Amino acid sequence: MHFVHDPNAPAAPTITFDQFLAVDIRVGTVVAAEPYPEARKPALKLRIDFGEGIGIKQSSAQITRHYDCAALIGRQVAAVVNFPPRQIGKFMSEVLTLGFPDESGEVVLFAPDIKVPNGARLF
C-alpha cells in the first residue's frame, strides 16, 4: 500500500506542478474518533470536519500506537479529500488521513502547528 518508508530512499520520480495540484490535500478538525476493532490492522474510525465546502468525512486510520480517541477530538489533521471512497472492512473511508512513519514504522499524523481554517488547502 505505501511505497517506501525508508527515509534514506531517493525521491520519487519527477511530477509536474499540475499533477501536484490534482491531489487535493485539506486540513480538517477531528470531531469524532472511535476504535475500529474489526479492522485487520489496529485502526481508528475518524470523522473529520473540513468546513462548508467539503463537510464532514470519515476515515479509517492506522494511528493507534501514538493516538487515543479522546486526545484526537479537536485536533487538526491533513487528508487527501479527492480520492474515491475505499471500503475498509465494513467501514467506508472517504478521505486518506496523512502521516509520516516514525522510526518503527508507526504513523505520526501530519498537521499544521498553528490552527488554520477547516478546508484550507495545502500548497
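Here is a short walk through the core and the aromatic pairs of this predicted model.

Let's begin inside the fold. In soluble globular proteins, nonpolar side chains tend to be buried together. Here the largest nonpolar core has 16 residues, and those with the most contacts inside it are Val30, Leu46, Ile48, Ile63 and Leu72. Two or more residues each come from β1 (25–35), β2 (44–49), α2 (69–72) and β4 (76–80). The element that gives the most is β2, with three residues.

Now to the rings. A pair of aromatic rings is described by the distance of the centres and the angle of the planes. The model has three aromatic pairs. In one of them, Tyr36 and Phe91 have ring centres 5.7 Å apart and planes at 55°, so this pair is tilted. Tyr36 sits in the loop between β1 and β2, while Phe91 belongs to strand β6 (residues 91–93), and the pair links parts of the chain 55 residues apart. Tyr36 is buried at 3% relative accessibility, and Phe91 is buried at 9%.

Phe100 and Phe110 form an edge-to-face pair, 5.5 Å centre to centre with 90° between the planes. Because Phe100 lies in strand β8 (residues 99–101) and Phe110 in the segment after β9 (107–109), the pair ties together parts 10 residues apart in sequence. Phe100 is exposed, with a relative accessible area of 51%, whereas Phe110 is partly exposed at 30%.

Key. Residues are numbered from 1 along each chain as its sequence is written. This is a predicted model: local features need pLDDT of at least 70, side-chain atom pairs count only at pLDDT 80 or more; totals for chains, interfaces and linings use all residues. Side-chain values use heavy atoms; hydrogens and water are left out. A nonpolar core is a set of buried Ala, Val, Leu, Ile, Met, Phe, Trp, Tyr and Cys residues joined through side-chain atoms within 4.5 Å. Buried means under 20% relative accessible area, exposed over 50%, partly exposed in between (1.4 Å probe, protein chains only). Helices (H or I, at least four residues) and strands (E, at least two) are DSSP runs, numbered from the N terminus. Rings of Phe, Tyr and Trp (its six-membered ring) pair if their centres lie within 6.5 Å; planes under 30 degrees apart count as stacked, over 60 as edge-to-face and the rest as tilted.
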